Amino acid sequence: MAGISGGVIVRDDGRQIQFRPKCERCGNVGPTIHNIATPTQGSNVSGWQFRCDRCGFDTAITVYG
């Protein structure tokens with residue numbers, strides 16, 4: 001099971017994760033669904049940035065294994 005900051009997990013089947021970005025300031029969830037391979041336990045994957053279309057805040061997205 002994976003965790004995420006700056007997003008909401010839509011689906012996690014153990015091999016692949018689908019998530020949507022989420023603003024850490026106002027809670028707005030973006031419409032785009034991203035797919036990535038599930039990170040191994042103890043590692044993380046980052047590098048995404050989400051600019052909220054509601055409040056303009058930039059949120060860094062990190063997925064944890």
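## A buried threonine

At 2% relative accessibility, threonine 59 counts as buried, where buried means under 20% relative accessible area, exposed over 50% and partly exposed in between (1.4 Å probe, protein chains only). This is a predicted model, in which local features need pLDDT of at least 70 and side-chain atom pairs count only at pLDDT 80 or more, while totals for chains, interfaces and linings use all residues. Residues are numbered from 1 along each chain as its sequence is written, and side-chain values use heavy atoms, with hydrogens and water left out.

## Its neighbours

Threonine 59 sits in strand 6, which covers residues 58-64; strands are DSSP runs of E with at least two residues, numbered from the N terminus. Leaving aside residues up to four places away in sequence, threonine 59 touches Gly6, Lys22, Cys23, Glu24, Trp48, Gln49 and Phe50 (contact means heavy atoms within 4.5 Å). With glutamate 24, a polar atom of the threonine 59 side chain lies 3.3 Å from the backbone nitrogen.

## The whole chain

Six strands and zero helices (H or I runs of at least four residues) make up the chain's elements. The radius of gyration of the chain is 11 Å, close to the 11 Å from the globule rule for 65 residues, so the chain is as compact as a globular protein of that length. That radius is taken over C-alpha atoms, and the rule is 2.2 Å times the number of residues to the power 0.38.

Of the 65 residues, 28% are buried. Along its principal axes, the C-alpha trace spans about 35 × 20 × 15 Å.

Notes
Polar contact = N/O pair within 3.5 Å; in protein donor to acceptor, adjacent residues only side chain to side chain.
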